[in-house]
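This report describes a predicted model. The sections below take up helix packing, strand pairing and aromatic contacts in turn.

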Amino acid sequence: MALLFAIIVILVTTAMSLPPVIRIGAIFTEDQKDSPSELAFKYAIYKINKDKTLLANTTLVYDIQYVPKDDSFRTSKKACKQLSRSVQGIFGPSDPLLGAHIQSICEALDVPHLEARVDFEPTFKEFSINLYPSQDHLNKAFKDLMSFLNWTRVAIIYEEDYGLFKLQDLVKSPPSARTEMYIRQAGPGSYRQVLREVRHKEIYKLIVDTDPAHMQQFFRAILQLQMNDYRYHYMFTTFDIETFDLEDFKYNSVNMTAFRLVDLEEPKVAEVLRQMERFQPIGHAILNKTGVIQNQL
């Protein structure tokens, strides 16, 4: 719903007299093709067009482009191609580096930009709305939880190079002066090695910032090293933890914590999810078996 209303706000506030057709651009990385994010975007366009009380005499059409990950040059060219086709706003991409390039182009050309990504420069943007929570707020939430749980020895495991940048506030100013931090970068090929080092140092509290696509490999490494008893507490930075299969951890008392963006018990949220699930032929693909949309960030 945040995506839906943000698009509406952009359109209504940037046009005095609306044309019969408004083109909205969207940029997704190639690995996001037919992903929940893309399908949710299509659903938002469909929902607005169906509700004639919003844009009675105007129809929205989308222009979706796919770009290689980490290729800012090609992404910029795709955005310029969309602008040449008179798109009135651009959604995405969610990649932190690519998103910054598109945001800069939209800012320079006064084009409304809607995004949901980690922003390394959280300053005011005149033409951009970012739906992703502020990293400052997230770090404060991590600190508050660490203080509440009285964590004094913590391992931070991050995967992407920008992962440490996201969590640097935790490192520079931990919740307590006596908090010890052990920081390591790890990927699928080194999960077991790094976790083994953490176990050897007898550190039982871990903050994990890993690619959600590799989460099952991380879980497997935990099980293989038997780091899944009551002493261990994992705090995951992903908002998608409940979308993964956690059956193997259900009966061994290991602690796992993560934040999520929406309250599934909120009636309005539940109703929107039900409507999205009924959206054919792609509704079933927007939601996973847990009944929520995967964040994918």
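## Packing of α3 and α4

Helix α3 and helix α4 pass each other in a right-handed crossing. Two packed helices are described by the angle between their axes and the distance between the axes. Here the axes of α3 (residues 72-84) and α4 (residues 96-109) come within 9 Å and cross at roughly 35°.

On the α3 side the contact is made by Ser72, Thr75, Ser76, Ala79 and Leu83. On the α4 side Leu98, His101, Ile102, Ile105 and Leu109 take part. By class, the residues of this contact of α3 with α4 divide into 6 nonpolar and 4 polar, with no charged residue.

Is strand β6 mostly covered or mostly open? Of the 6 residues in β6 (residues 153-158), 5 are buried, so the strand is mostly covered by the criterion of under 20% relative accessible area.

Strand β6 has parallel pairings with both β7 and β8. With β7 (residues 180-185) the pairing extends over 6 bridges, and Val154 has Met181 of β7 as its bridge partner. With β8 (residues 205-209) there are 5 bridges, and Tyr158 stands opposite Asp209 of β8.

## Aromatic pairs

How many aromatic pairs does the model contain? With ring centres required to lie within 6.5 Å, the count comes to 16. In the pair of Tyr191 and Phe218, the ring centres are 5.2 Å apart and the planes stand at 85°, so the arrangement is edge-to-face. Tyr191 belongs to helix α8 (residues 191-200) and Phe218 to helix α9 (residues 215-224), so this pair ties together parts that are 27 residues apart in sequence. Both partners are buried: Tyr191 has a relative accessible area of 2%, and Phe218 one of 1%.

Phe218 also pairs with Phe236, again edge-to-face, at 6.2 Å centre to centre and with 85° between the planes. Because Phe218 lies in α9 and Phe236 in strand β9 (residues 233-236), this second pair ties together parts that are 18 residues apart in sequence. Phe236 is buried as well, at a relative accessible area of 1%.

Which residues are linked into a cluster by ring pairs? Tyr191, Phe218 and Phe236 are among them. The cluster also includes Tyr204, Phe219, Tyr232, Tyr234, Phe244 and Phe249.

How values were computed: Residues are numbered from 1 along each chain as its sequence is written. This is a predicted model: local features need pLDDT of at least 70, side-chain atom pairs count only at pLDDT 80 or more; totals for chains, interfaces and linings use all residues. Side-chain values use heavy atoms; hydrogens and water are left out. Buried means under 20% relative accessible area, exposed over 50%, partly exposed in between (1.4 Å probe, protein chains only). Helices (H or I, at least four residues) and strands (E, at least two) are DSSP runs, numbered from the N terminus. Two strands pair if DSSP finds at least two bridges between them. Axes are lines fitted to C-alpha atoms, for helices over the stretch in contact, and angles run from 0 to 180 degrees between N-to-C directions. A crossing is left-handed if the near helix is turned anticlockwise from the far one by less than a right angle, and right-handed if clockwise. Contact means heavy atoms within 4.5 Å. Ala, Val, Leu, Ile, Met, Phe, Trp, Tyr, Cys and Pro count as nonpolar, Asp, Glu, Lys and Arg as charged, and the others, Gly among them, as polar. Rings of Phe, Tyr and Trp (its six-membered ring) pair if their centres lie within 6.5 Å; planes under 30 degrees apart count as stacked, over 60 as edge-to-face and the rest as tilted.
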